[in-house]
Amino acid sequence: MQNINSKLPEVSTTIFTIMSTMANEYSAINLSQGFPNFDVDPKLIDLVTQGMKKGYNQYAPMPGFMPLRESIAEKTNSLYGSTYHPETEVTITSGATQAIFTILSAFIRPGDEVIIFKPAYDCYEPSIELFGGTIVPIQMSAPDFSIDWQEVSSKITSETKMMIINSPHNPSGSILSKKDMLILEKLLEDTNIILVSDEVYEHIIFDGAEHQSAARYPGLKARTFITASFGKTFHTTGWKMGYCLAPSALMTEFRKVHQFNVFCSNHPMQYALAEYLKTPENYLSLAAFYQEKRDLFLSLIKDSRFTFTPAGGTYFQLLNYSKITDEGDVAFAEILTKKHKIASIPVSVFNLNQRDDTVLRFCFAKKNDTLKKAAEILCRI
């Protein structure tokens, strides 16, 4: 038997796979993994078919289908007043996770420090470790999950190579404000730190708030990779389609790795997305669509024993269960799935030292009937 020296010895099956598998096993309503259970717009499906029939079935250009890159540049300029050149500063990727992995592989060397904010999406840390980087975690606190910028300042050293931010934030649903971004811009001003801004939920933001993209801030834009997801925006998580924005000098290094990672992404889907983006309402309507679902879900559980702060963005809602039990969140998530037939995600798995704030994450990107059935269960607990 070959002796395998794992590069990721502490990494096991993700909590998303574990909880979804458990949901299937116990026939539970699955509000754990973040995917919609409603249909994709038939127009978008038809456009993919149209792309196939028009012959877009071979390799796309390595950086992506040019009309799609142009549409993305136009969208970014329209929303954030920020110009990206489609030839040199926009790259189409096979999902945002691939974009983040490619950024880290292109820039992180052994000993480089990367600041992340916890609870953090679970792809960040293993990718940093894979390339020998050192994770510098900063814990955010429930219930508002705000960032202590003084702590951030204290953690920046001469070895800090990169920082990863995520807004709207998964799993908490919190958002970064204009004040936050201005503080960050000033904090990084005299450094060589690369910023990765994970903005996959940019169009899912509530209560009249504006998404504070790093693209809005010149001092940040000059050092930032922005990653985005068509899967999150257009209910097509299984397509694994996303994109990355960055200044040309950074993007040049990104593409050196990208070409040997996936080379290019699905061609007919790129054609379809380029056409679909020509109608801005297809993404501008998203906030109202999901806010209606958030509000419905919260109104249905308002008399339950769960407590909550309404999510500011994403399609996830945290529920605090401290009035119900003193069980740890992993154990309680299992109880909910096996006994009560509703699956969620325990947030402690994303926290520093698995800190347990007695909160679970529920996905409300579901049909209204699903949300009503879920709410009935939660109200009985």
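**Group meeting: a walk around helix α11**

Hi everyone, let's begin at the start of α11, where a side-chain oxygen of Asn266 comes to within 3.0 Å of the backbone nitrogen of Met269. Before I go on, please keep in mind that this is a predicted model.

So, how many of the ten residues of α11 are buried? Nine of them are, so the helix is mostly covered, taking buried as under 20% relative accessible area. The buried ones are His267, Pro268, Met269, Gln270, Tyr271, Ala272, Leu273, Ala274 and Tyr276. And what covers them? The cover includes α2 (42–53), α3, β2 (90–93), α9 (230–233) and α12 (281–284).

Let me pick α3 out of that list. Two packed helices are described by the angle between their axes and the distance between the axes. Here, α3 (residues 66–80) and α11 (residues 267–276) pack at an angle of about 35 degrees, and their axes are 8 Å apart. The crossing of α3 and α11 is left-handed. On the α3 side we have Pro67, Leu68 and Ser71, and they meet Gln270, Leu273 and Ala274 of α11. Sorted by class, this contact of α3 with α11 holds four nonpolar residues, two polar ones and no charged ones.

Leu68 takes us on to the cores. In soluble globular proteins, nonpolar side chains tend to be buried together. In this model, the largest nonpolar core has 50 residues, and Leu68, Ile72, Phe117, Met163 and Phe230 are those with the most contacts inside it. Which element gives the most to this core? That would be α11, with six residues. Apart from this core there is another one, of 40 residues, with Ile15, Leu319, Ile345 and Ala375 among them.

Let's look around Met163 for a moment. If we skip neighbours within four places in sequence, Met163 is in contact with Ile115, Phe117, Val152, Leu184, Leu188, Ile193, Ile194, Leu195 and Val196.

Now for a loop residue. Thr314 sits in the loop between α13 (286–300) and β9 (316–320). Is Thr314 buried or exposed? Thr314 counts as buried, because its relative accessibility is 0%. Its side chain reaches the backbone nitrogen of Phe316 at 3.1 Å. Again skipping neighbours within four places in sequence, the contacts of Thr314 are Pro168, His169, Asn170, Gly173, Tyr201, Ile204, Phe206 and Phe364.

Pro168, one of those contacts, has something else to show us. A cis peptide bond joins Ser167 and Pro168, with omega about -10 degrees. Pro168 lies in the loop between β5 (160–166) and α7 (178–187). A cis bond also joins Ala142 and Pro143, with omega about 5 degrees, and Pro143 is in the loop between β4 (134–139) and α6 (149–155).

While we are on backbone angles, which residues have a positive phi without being glycine? Asp207 is one, at about 60 degrees, in the loop between β6 (194–198) and α8 (218–221). Asp207 is exposed, because its relative accessible area is 53%. Lys240 is another, with phi about 50 degrees, and its place is the loop between α9 and β8 (242–245). At 43% relative accessibility, Lys240 counts as partly exposed.

Last stop, Ala249, in helix α10 (residues 248–261). Ala249 is exposed, with a relative accessible area of 57%. From C-alpha to C-alpha, Ala249 and Ala222 are 9.7 Å apart in space, and they are 27 residues apart in sequence.

Conventions
Residues are numbered from 1 along each chain as its sequence is written. This is a predicted model: local features need pLDDT of at least 70, side-chain atom pairs count only at pLDDT 80 or more; totals for chains, interfaces and linings use all residues. Side-chain values use heavy atoms; hydrogens and water are left out. Axes are lines fitted to C-alpha atoms, for helices over the stretch in contact, and angles run from 0 to 180 degrees between N-to-C directions. Helices (H or I, at least four residues) and strands (E, at least two) are DSSP runs, numbered from the N terminus. A crossing is left-handed if the near helix is turned anticlockwise from the far one by less than a right angle, and right-handed if clockwise. Contact means heavy atoms within 4.5 Å. Ala, Val, Leu, Ile, Met, Phe, Trp, Tyr, Cys and Pro count as nonpolar, Asp, Glu, Lys and Arg as charged, and the others, Gly among them, as polar. A nonpolar core is a set of buried Ala, Val, Leu, Ile, Met, Phe, Trp, Tyr and Cys residues joined through side-chain atoms within 4.5 Å. Buried means under 20% relative accessible area, exposed over 50%, partly exposed in between (1.4 Å probe, protein chains only). A polar contact is a pair of N or O atoms within 3.5 Å; within protein, one must be able to donate a hydrogen and the other to accept it, and residues adjacent in sequence count only if both atoms are side-chain atoms.
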